[in-house]
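Look over the sequence and model first, then read the points below.

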Amino acid sequence: MRGRHETPEERADRRWTELVQEIRVAQTGVQILFGFLLTVVFTPRFVELSDADRSLYVTTIVLAAAATGALIGPVSFHRIVAGRRIKPQTVQWASRLIFLGLVLLLATMVSALLLVLRVASDDGFVPWLVTGVAAWYLLAWFVLPLWARHRYTTRD
């Protein structure tokens with residue numbers, strides 16, 4: 001017999017602990033990024049941005065807010081349903097929120113990178129550079145884990 005010998009409740013507890021460890025990294029990153037983005041509008045240089053760059057800033061800040069909400073959501077979800085004996089379902093919903101938060105974080109980081117590089121340089125290589133970084137994020141965050149999941153696991 002493969003796998004762990006644990007009850008559904010033990011499995012939910014273990015998976016919840018793993019999710020909490022994972023979410024700490026993503027939450028911290030998105031909160032720091034969101035905090036810095038919130039201050040940009042108060043800098044003297046903000047008024048010099050073109051309309052396109054201001055629109056890109058607004059898009060970036062909304063994406064960061066959405067990512068923050070998705071990545072903090074599991075904490076609130078757990079707090080509201082704690083003690084209701086639905087930890088397996090809580091783990092499922094928290095996992096979905098974290099995945100959505102990671103997708104939104106990827107979009108936030110790509111958008112923020114595009115904004116910063118557009119302001120820092122007006123060279124034509126900026127979209128190509130940002131595309132390369134986005135491809136790297138996709139590879140590291142989603143493609144490699146999905147490949148490993150497909151390659152090394154079976155459907156149980």
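A residue counts as buried when its relative accessible area is under 20%. Thr-60 has a relative accessible area of 0%, so Thr-60 is buried. The model is predicted.

**Thr-60**
- Thr-60 sits in helix 2.
- Beyond its neighbours within four places in sequence, Thr-60 is in contact with Leu-37, Thr-108, Ser-111 and Ala-112.

**Helix 2**
- Helix 2 covers residues 51–81, a run of 31 residues.
- From first C-alpha to last, helix 2 reaches 44 Å. That is close to the 45 Å expected at 1.5 Å a residue.
- At Ile-72, helix 2 bends by about 35 degrees.

**Second largest pocket**
- The second largest pocket holds about 200 Å³ of space.
- Helix 1 (8–40) and helix 3 (87–120) are the elements that give two or more residues to its lining.
- The lining of this pocket has 10 nonpolar residues, one polar and one charged.
- Leu-33, Phe-36, Leu-37 and Val-40 are among the lining residues.
- The lining also includes Thr-43, Arg-45, Phe-46 and Leu-49.
- Ala-112, Leu-115, Val-116 and Val-119 line the pocket as well.

**Link between the topics**
- Leu-37 and Ala-112 line the second largest pocket, and Thr-60 is in contact with both residues.

Conventions. Residues numbered from 1 in each chain as written. Predicted model: local features only at pLDDT ≥ 70, side-chain atom pairs only at ≥ 80, totals over all residues. Heavy atoms only, no water. 1 Å grid on protein atoms, 1.4 Å probe; cavity = no way out; pocket = protein on both sides within 12 Å on 5 of 7 lines; lining within 4 Å. Points joined across faces, edges and corners; volume = space filled by probe spheres on them. Helix = DSSP H or I, 4+ residues; strand = E, 2+ residues; numbered from the N terminus. Nonpolar A, V, L, I, M, F, W, Y, C, P; charged D, E, K, R; others polar. Expected span 1.5 Å × (residues − 1). Bend = angle between axes of the 7 residues up to and from the residue. Buried < 20%, exposed > 50% of the residue type's maximum accessible area, 1.4 Å probe, protein only. Contact = heavy atoms within 4.5 Å.
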